[in-house]
Amino acid sequence: VPNIAILNIKRFETSAAVKAALLDGTLDMVAGDGVLAPADLKEFMTSHADRFYTFLSPAMMHSIVVMNSGKAPTDDIQLRKAIIHGVDKASIINKELDGLAHSADRLFPASAPYSNVELTPRWDFDSEKATMLNCPSFQAVSHA
């Protein structure tokens, strides 16, 4: 158990300010999601590993996109399949999150109770399937 006499909690306006405070020694620790930009977090994990310890916990929740299947145009199952197959989640994770996340394929993370099951069929990125599912609703949306 650490011997902590005083614990100061600070709020920073930006993740850049958090990074600067860590690097200049005016901030000792951060915790939580989104405190640092993904590229900055990766920098602390690699370039500053001699000064900082970083830990990524298992996912406790997912960021998801929900489609309203009860209203046009996403009431068309073929369109929903085309959208799902047309989104390259891995590229988004690599570009926007610096590869520090995992692709979600279910509503709840596998670490949630009763959620660590393999779901089939898999709805992974597949541009050929997205093109093949070229239904009328998909045409109307893609040309709008």
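What share of the contacts in the chain with a separation of 6 or more comes from residues 24 or more positions apart? The figure is 51%, where contact means heavy atoms within 4.5 Å. The structure is a predicted model, so local features need pLDDT of at least 70 and side-chain atom pairs count only at pLDDT 80 or more, while totals for chains, interfaces and linings use all residues. Numbering starts from 1 along each chain as its sequence is written, and side-chain values use heavy atoms, with hydrogens and water left out.

On the overall fold, there are six helices and zero strands, and the pattern along the sequence reads α-α-α-α-α-α. Helices (H or I, at least four residues) and strands (E, at least two) are DSSP runs, numbered from the N terminus. The chain is more spread out than a compact globule, because its radius of gyration is 21 Å, well over the 15 Å that the globule rule gives for 144 residues. That radius is taken over C-alpha atoms, and the rule is 2.2 Å times the number of residues to the power 0.38. Along the principal axes, the C-alpha trace spans about 65 × 35 × 25 Å. Of the 144 residues, 16% are buried; buried means under 20% relative accessible area, exposed means over 50%, and partly exposed is in between (1.4 Å probe, protein chains only).

Next comes the packing of two helices. Helix 1 (residues 15-24) and helix 2 (residues 38-46) pack at an angle of about 20°, and their axes are 10 Å apart. That angle makes helix 1 roughly parallel to helix 2. For the cut-offs, angles under 35 degrees count as roughly parallel, over 145 as roughly antiparallel, 65 to 115 as roughly perpendicular and the rest as oblique. The axes are lines fitted to C-alpha atoms, for helices over the stretch in contact, and the angles run from 0 to 180 degrees between N-to-C directions. The crossing of helix 1 past helix 2 is left-handed, that is, the near helix is turned anticlockwise from the far one by less than a right angle. On the helix 1 side, Lys19, Leu22 and Leu23 meet Asp40, Glu43 and Phe44 of helix 2. Sorted by class, this contact has three nonpolar, no polar and three charged residues. Here Ala, Val, Leu, Ile, Met, Phe, Trp, Tyr, Cys and Pro count as nonpolar, Asp, Glu, Lys and Arg as charged, and the others, Gly among them, as polar.

Two of those contact residues turn up again around His48. Leaving aside residues up to four places away in sequence, His48 touches Leu23 and Glu43. His48 sits in the loop between helix 2 and helix 3 (77-86), and it counts as buried because its relative accessibility is 15%. Ala130, in helix 5 (residues 127-132), is buried as well, with a relative accessible area of 7%.

The backbone has some details worth a look. A cis peptide bond links Ala72 to Pro73, with omega about 5°, and Pro73 belongs to the loop between helix 2 and helix 3. Another cis peptide bond links Thr120 to Pro121, with omega about -5°; Pro121 is in the loop between helix 4 (89-96) and helix 5.

The loop between helix 4 and helix 5 also holds Asp98, a residue other than glycine whose phi is positive, near 55°. Asp98 counts as partly exposed at 25% relative accessibility. Tyr114, found in the loop between helix 4 and helix 5, is not a glycine either, yet has a positive phi of about 65°. At 83% relative accessibility, Tyr114 counts as exposed.

Ala101 and His102 are placed in this loop too. Ala101 is partly exposed, at 28% relative accessibility, whereas His102 is exposed, with a relative accessible area of 74%. Between the C-alpha atoms of Ala101 and Ile9, 92 residues apart along the chain, the separation is 27 Å. For His102 and Ser47, 55 residues apart along the chain, the C-alpha separation is 22 Å.
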